[in-house]
2 protein chains.
Amino acid sequence: MASGARHVFGDGSGPPIGLRFADRRAQWAFVLDPYLKMGELFMEGRLLVEQGDIYQALDLLLGELRGKPEPLPARLLHKLRFALRCFAQRNGLTRSRRNVAHHYDLDGRLYDLFLDHDRQYSCAYYDREDLTLEEAQAAKRRHIAAKLALRGGERVLDIGSGWGGLGLYLAGVAGAREVLGVTLSEEQLALARRRAAQGGLADRVTFELRDYRTLDGAFDRIVSVGMFEHVGVTQYRTFFEKARDLLAPDGVMLLHTIGLSDGPWFTNPWIDKYIFPGGALPALSEMLPLIEKAGLVVTDVEVLRLHYAFTLRDWRARFLARREEAARLYDERFCRMWEFYLAASEAAFRHQGAVVFQLQLARRQDAVPLTRGYIEMAEAALERKERCGGLAAAAE
Amino acid sequence: MASGARHVFGDGSGPPIGLRFADRRAQWAFVLDPYLKMGELFMEGRLLVEQGDIYQALDLLLGELRGKPEPLPARLLHKLRFALRCFAQRNGLTRSRRNVAHHYDLDGRLYDLFLDHDRQYSCAYYDREDLTLEEAQAAKRRHIAAKLALRGGERVLDIGSGWGGLGLYLAGVAGAREVLGVTLSEEQLALARRRAAQGGLADRVTFELRDYRTLDGAFDRIVSVGMFEHVGVTQYRTFFEKARDLLAPDGVMLLHTIGLSDGPWFTNPWIDKYIFPGGALPALSEMLPLIEKAGLVVTDVEVLRLHYAFTLRDWRARFLARREEAARLYDERFCRMWEFYLAASEAAFRHQGAVVFQLQLARRQDAVPLTRGYIEMAEAALERKERCGGLAAAAE
């Protein structure tokens, strides 16, 4: 049992949080580099939460620190990390594949413990804060499909196609003629292919283990959801130039990515080391110059605020409810790591300026309708179609 | 009568356009610097449109040139103008006032010749391309008011309040408790004040001849429509920092400005010389870094494409229908200048990447609702209110 000093703190608005460091070195490590060490100490059992839970601790700490200047050593460390981020994110073809495998090739049963039944592993869309995860992920699929302004018969590219849910939806329900989904995860690929076959969509929905940078051809629609976070600053320009090359002249692209509303920043070092190596969250100011230079036209930018906090809240609740199963798949340390990942991410969306950007891009400004009304109309039409068995029919 | 060579050209899709230069020098001037000289020659009657009209000529020329590389001398001239734009746009307090007076202190009767009855002098909002100007300007007012997410009782600042139409609408119909509108045009100020008094809103809607940079205090809502185009690149940072200072912590700001979808560029030299001295159209990549650094959060970006082309088409048709009245107010040269201004602007929206950005900004990411549904709901509510005599009641 930990013998170090116990710290109880709170802001009076909720129950107090009790933390204990296992030893003095743990406490010093935390003070000197909390961004890296808090997660590590928690994983190693050297930072114990004795009252409340790790999310409540992070929520309180980051809420308190919000907008306050940090001490000089921390600021110097931040500047250094910011300066060095290009090195950490030299994501060539080989490295990208390794980075992706690190996370997405984990045992698929782990993802079943906390994701929705469609394994949507990105921000859901909450009309109301109290939607269920399944409802909000269904709404997200509709929202993205609607913004792709499909008229029926399009050829769609899904960059970072995950376990295939969105691609199957676009072909099975939303009217795409053909979908090519590319992923760098073999586990994702295998399941996505299995699902396409089971759903009778294998002739129209193809999944490949392939880096988008190696693709050719022209696509009427491009969608990329939760993949841009793995691109890395050194490859942003390549991403947008390649997207322009792959997009048909009258095409529409929808880029859905976590980003930072406060401006460019470095990747949290704990997340980089344990969860998403080589990843980065873009600010709009980092993407816009490259989008303009690539010759893409921004036709719409939605900033989904707090939706990912709700998503992560729901994922964490589901994960904790089935924590024992996770511990049987991996081990205790892994479970603590995963809990910290979900908790710290939620806190970042509440307190550290993390948001989700949905950028709709085109090569011509008249590629999408004059006003946004078509989005809601398409969502309603898709919902009707789902109810009338569009999904069931597609799965037969 | 002009004796120079006649040029007839067309792309086969419409009737051919016939241009005649009055003399050889005119032709050379056009070739060497069309961005400045085409308008000047047209004003001076040295470039005559003998078949079609000046809009059709511009539409055809710019459509043909679109995406094609320009000859080296033109590119060098562009680079020079781009490099020098900071000098042309040192818009301090005195210069800004002079720049604004140049355009907005023209005889008010001129604006009545082509604007809608509310004198909305900015891009209208066309649900459908065939709305009337009056309908589309009413829709624009509703769209902006809706995006301000007014709950009733707010104190609103309108930066660049024009002839007062929007400010009066926000207080008279949309539920703002109090509106302060600032303009640098004495003509606009006088009419706006007269309208506030006539509408019985003078106690709640105040107009002042004042530079926004001299304001203090906190506003629940800030709106700025068609004013940012006069700010100039050297003052962009000041604009966003001042806006942040003036915005209440839970406030919402709506910035409506013409901009460039292709990236930063210089101001058209003819427009700068004759129409909007010191003006500039921003690219998103120019605004975003400054917005982030100012500590403002982008909560939504709508890109209105083609709406201003329709607006300008309608303005030009109205202006040409009453051209003789304009000639009596000013003279023939002025009328040609005005026609060229409206025609060239429309062509820029069709062929040169000009768009309108509506940026919704806040200081906190939860200042506006989770999804965009509230916008359409508020528009519908405002429309009902207008029909039930909200406007009439306000004007009593």
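In chain A, the loop between helix H7 (133-147) and strand E4 (155-159) contains Ala149(A). The model under discussion is predicted. Although Ala149(A) is not a glycine, its phi is positive, at about 50°. Ala149(A) has a relative accessible area of 9%, and because buried means under 20%, this residue counts as buried.

A positive phi in a residue other than glycine is also found at Leu306(B), where the angle is near 75°. Leu306(B) belongs to the loop that runs between strand E9 (297-304) and helix H13 (307-321) of chain B. With a relative accessible area of 17%, Leu306(B) is buried.

| Residue | Relative accessible area |
|---|---|
| Ala149(A) | 9% |
| Leu306(B) | 17% |
| Ser96(A) | 8% |
| Trp338(B) | 1% |

Ser96(A) is placed in helix H5 (residues 93-104) of chain A. The side chain of Ser96(A) forms a polar contact of 2.9 Å with the side chain of Arg213(A). When residues up to four places away in sequence are not counted, Ser96(A) touches Asn91(A), Leu184(A), Asp211(A) and Arg213(A).

In chain B, helix H15 (residues 332-351) holds Trp338(B). Apart from neighbours within four places in sequence, Trp338(B) is in contact with His103(B), Leu106(B), Leu110(B), Tyr111(B), Phe114(B), Tyr121(B) and Phe319(B). Trp338(B) and Phe21(B) are 317 residues apart along the chain, and their C-alpha atoms are separated by 20 Å.

**Helix H9 of chain B**

Which residues of H9(B) are buried? They are Gln188(B), Leu189(B), Leu191(B), Ala192(B) and Ala196(B). The elements of chain B that cover these buried residues include helix H5 (93-104), helix H8 (165-172), strand E5 (178-183) and strand E6 (205-209).

Helix H9 of chain B covers residues 186-198, and at 1.5 Å a residue its 13 residues should span 18 Å. After H9(B) comes Gly200(B), which has a positive phi near 70°.

Methods. Residues are numbered from 1 along each chain as its sequence is written. Chains are lettered from A and ligands numbered from 1 in the order in which they are written. This is a predicted model: local features need pLDDT of at least 70, side-chain atom pairs count only at pLDDT 80 or more; totals for chains, interfaces and linings use all residues. Side-chain values use heavy atoms; hydrogens and water are left out. Helices (H or I, at least four residues) and strands (E, at least two) are DSSP runs, numbered from the N terminus. The expected span of a helix is 1.5 Å times one less than its number of residues. Buried means under 20% relative accessible area, exposed over 50%, partly exposed in between (1.4 Å probe, protein chains only). Contact means heavy atoms within 4.5 Å. A polar contact is a pair of N or O atoms within 3.5 Å; within protein, one must be able to donate a hydrogen and the other to accept it, and residues adjacent in sequence count only if both atoms are side-chain atoms.
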